[in-house]
Amino acid sequence: MRLLLLFICLLSAVWAQDSIVDLTILHFNDFHARLLPNAQGFGGAAYLASAIQQERKNCPRCLLLSAGDNVQGTPVSTIYRGLPVFEVLQPFKIDASVLGNHEFDYGYERINDFLAAAGHPLLAANFLTQDGKVFTEASSVIIERDNLRIGIVGVLMENLVPSFTTPAKLGPNKMLAALSTLRSEAAKLKDKTDILIALVHLTREDCDRIVTELPEYAITISGHDHGGKEIMFRAEDRVGVRLRSYGVEMGRLNLRYDKASRKIVNADWKRIPISSTVYQPDRVVAQLVEKWESKVRLVVDMKIGEGSSKKDRLQTKVWIEQVMRDKTGAQFAYISTGSVRDNLPAGQILARDIWNISPFDNMLVRANVPGRLIPEWIRGTTQLEPNKLYGIATIDFLVEGWRNSKDEALRIFGRALPLEGPFLRDALIEWIQTRRTVE
Ligand SMILES: [Zn+2]
């Protein structure tokens, strides 16, 4: 009897050992078309590729995932409508990306071109065509690595319209609620997989909610919030990670996982800085970067003026609103901080800096609007007469959002403003060229 017990104990120990496996996830998010390193020498597609190759050398059951917003943010993306980014990322051999809100910036039809160029699945389980099919053809993938069946489900924020894009860019397609879609996909995949990963492009709060409220997913790899996480987010035996944007760092999540209990036994997470002084650029990727960057260099690396001091994001917003007033003669101007994507540098200012600040094809729009319709966050403390007309300048993207707002006052205000005007970026460049200096 004692012997038999010992035998059973030994056997179950062997089984338990068998069910415990190692898995490594390499990841990045919000790359935003930053093909070249930044001014401090961090990031750049060729250096990121090289770092990924190095990490792959000792990487059991290795996966590479991108958590969305691969495109938009630099002239090469704006001019060629995102596509070069997917061509440059192809040699990375990404296992799966999730669509981010910015993958919609060139209209939903362009996503079909991304699918063709990417060479890997772009997941979006909650983005459906009119007739209810998953737009990107893949809501999830199952990847097998050495006796481990890994299910990856991708979702992005359901409130794309009006918060992140325009009705025209979403087209006739529809979005489902992200978290409930994750839940229903998990139910479908559970028996076919040993582990589930949520690959998501969502707000910070929603990313953490998946870790705390959806125990089906052992791991949440996320993007959208550019600040990333300092440390891994944990709830019970589950983890969530996210990195800083623009490819300035990559993540390495090392896991020991128990297939039998579907629980993480051990997890550690490293954020690896992508420094161009540490890594040699990957030759193949560097050639692709050069191919595209050389096309746009002549246009955008032109000096347009000087900045007397560096402006942070908020100061840059204030400056843009000044330009908007100057250009349109409006009394009030408003741009959201989210539409200001970079800082205005001190010293020489290139057209490229303005593209980085305003990568979207936003149009500068203006109208005369009665005082009673103007929200307080635009007029500030200025007292307005209800029926007098005041000039308002803003961007078409915000007007679209206001027109579709749940708030009736905001809808009326949005309808009082037009959707057409010159490109904001051109207005900013012209303003600097005329004045030569930004104080
Ligand atoms: Zn995003």
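1. Two strands are taken as paired if DSSP finds at least two bridges between them, and it is in this sense that pairing is used in the points below on this predicted model. Strand β10 (residues 219-223) and strand β12 (residues 238-242) pair in the parallel sense over four bridges. Within that pairing, Ser 222 has Arg 242 of β12 as its bridge partner.

2. The sheet to which these strands belong is open and has six strands, ordered β6-β7-β9-β10-β12-β11, with mixed pairing. Its edges are formed by β6 (140-144) and β11 (233-235), each of which pairs on one side only. On average, and with direction ignored, neighbouring strands of this sheet are turned by 20° against each other.

3. Two helices deserve a look alongside the sheet. Helix α8 (residues 178-189) packs on the sheet and touches β6, β7 (149-156) and β9 (195-201), its direction making about 160° with that of β7. Helix α9 (residues 204-213), for its part, lies across β9, β10, β11 and β12, and runs at about 165° to β12.

4. As for the overall division, the chain is split into domain 1 (20-293) and domain 2 (302-438), and the C-alpha centres of domain 1 and domain 2 are 32 Å apart.

5. Where the domains meet, 12 residues of domain 1 are in contact with 12 residues of domain 2. On the side of domain 1 that touches domain 2, the elements giving two or more residues are α3 (75-79) and α6 (160-164). The residues of that side of domain 1 divide into four nonpolar, seven polar and one charged.

Technical notes
Residues numbered from 1 in each chain as written. Predicted model: local features only at pLDDT ≥ 70, side-chain atom pairs only at ≥ 80, totals over all residues. Domains from an automatic or database assignment. Contact = placed C-beta atoms within 7 Å. Nonpolar A, V, L, I, M, F, W, Y, C, P; charged D, E, K, R; others polar. Axes fitted to C-alpha atoms, helices over the stretch in contact; angles between N-to-C directions.
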